[in-house]
Amino acid sequence: MSRAWNFSAGPAALPEAVLKRAQAEMLDWNGSGASVMELSHRGKAFMQLAATAEERLRRLLGVPVGYKVLFLQGGATQHFAQIPMNLAADGDSADYIVTGHWGEKAVREAAPYINARVAGTSEAAHYLDLPPRERWTLDPAASYVHYTPNETIHGVEFHDVPDVGDVPLVADMSSNILSEPVDVAKFGLIYAGAQKNIGPSGLVVMIIRDDLLARKGRPMAKIFRYAEHAANDSMLNTPNTWGWYLAGLTFEWLETQGGLAAMGERNARKAKTLYDAFENSGGFYRSPVAVNARSRMNVPFTLHDSALDAAFLAESEAAGLLALKGHKAVGGMRASLYNAVPQEAVDVLVNFMRDFATKHG
Ligand code: PMP
């Protein structure tokens, strides 16, 4: 058995060391005589695991005091709806900066609960660029400003945290969390589906400032209220124990790799390797995304002749390069370069691309 080079957008590659550790501990975790999946979340051993995972995440991201870390379920999509329920009262409005598919979806899911205003959008640029900050029409009375620092499908990424004044900034970091250092203090709320840089799907990590947790929001069942989850250490009901365990192993792995500064450097180098390969391909490959908006995590690209797409996919898969098919919204190819994708994978991809271009050029 051999593992392929996996460029999946998500669920995505996990660090091999994490998978091996989970495999070794599968039947008997921590001397308990059972797998971690078979133990009560209320037991001392799991509670310890959960607390350690949170501590590691706080250390990695430098989460300041005054923020709670939650381990939730429902995917990022459920939180598109739950965030407005918690942060805004009936009739309130919030500003959304829409830079791709996921931002659009966040607006749609928020709309039943609040006035979700689009205060900036790059729709006219087909989401292949970012809307200039000076054109955003932010409302100082908004409940929050929501944006998507990295749009997974369109491959556009903010390279700075936008200044939105005193209105709390809410970020869907599903596809770029833990990919480089970030100043958490600039955010009111950060959330991320786990299935890219954290662990398996079915887990959402949220970092939420205490003043936002204290907001009354709208009437809702207890299970939807973040403050209840926080008061119960994310164990209001049975959490995704397996996901939490794997997330903890990933956080530990990140620490052994040198933390987020080291990951940031590696991720920048990986992305540069691939974007440079487009530049050096004599027009055979190209990125459709504006240069300053290019994502380090998700890299869509097109071949000069789309009639070659099927051959590219078949030959790359045969060469052990997985999941390079682009999303239908953008077309062409997409290589996702999350933390667990090593430089070697990108080097193999770039060599394959060069050979393919020679063969079909
Ligand atoms: N936001 C972003 C940026 C995403 O990439 C995705 C897809 N993984 C989602 C939200 C939706 O996540 P989920 O499928 O976990 O609801």
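Select Lys-196 to begin. Lys-196 sits in the loop that links strand S9 (189-193) to strand S10 (204-209). The model on your screen is predicted. A UniProt annotation from an unreviewed entry, "modified residue: N6-(pyridoxal phosphate)lysine", covers Lys-196.

Is Lys-196 buried or exposed? Lys-196 is buried, because 30 other C-beta atoms lie within 10 Å and 20 or more is the cut-off. Now show what Lys-196 touches. Leaving out residues up to four places away in sequence, the contacts are Gly-10, Ala-12, Ser-174, Ser-175 and Tyr-338.

Step back to Gln-195. Gln-195 lies in the loop between S9 and S10. Gln-195 is buried, with 24 other C-beta atoms within 10 Å. Beyond its neighbours within four places in sequence, Gln-195 is in contact with Gly-10, Pro-11, Ala-12, Pro-200 and Ser-201.

Thr-77 is found in helix H3. Thr-77 counts as partly exposed, because it has 16 C-beta neighbours inside 10 Å. Apart from neighbours within four places in sequence, Thr-77 is in contact with Lys-105 and Glu-109.

Now select the whole of H3, residues 75-87. Helix H3 has 13 residues. From first C-alpha to last, H3 reaches 18 Å, close to the 18 Å expected at 1.5 Å a residue. Where is the kink in H3? Go to Ala-81: a kink of about 30 degrees lies there, shortly before the proline Pro-84. The buried residues of H3 include Ala-76, His-79, Phe-80 and Pro-84.

Finally, zoom out to the domains. The domain assignment gives domain 1 (17-256) and domain 2 (259-360). Their centres, taken over C-alpha atoms, are 27 Å apart. The contact between them takes 22 residues from domain 1 and 23 residues from domain 2. On the domain 1 side, select strand S7 (156-157) and helix H7 (241-256): each supplies at least two residues. What kinds of residue make up that side of domain 1? They divide into eight nonpolar, nine polar and five charged.

Note on methods. Residues are numbered from 1 along each chain as its sequence is written. This is a predicted model: local features need pLDDT of at least 70, side-chain atom pairs count only at pLDDT 80 or more; totals for chains, interfaces and linings use all residues. Helices (H or I, at least four residues) and strands (E, at least two) are DSSP runs, numbered from the N terminus. The expected span of a helix is 1.5 Å times one less than its number of residues. The bend at a residue is the angle between axes fitted to the seven residues ending there and the seven starting there. A residue is buried if 20 or more other C-beta atoms lie within 10 Å of its own, exposed if 12 or fewer, and partly exposed in between; C-beta atoms are placed from the backbone. Domain bounds come from an automatic or database domain assignment. Two residues are in contact if their C-beta atoms, placed from the backbone, lie within 7 Å. Ala, Val, Leu, Ile, Met, Phe, Trp, Tyr, Cys and Pro count as nonpolar, Asp, Glu, Lys and Arg as charged, and the others, Gly among them, as polar. UniProt positions are given in the numbering used here, feature names are shortened, and annotations may be inferred rather than shown by experiment.
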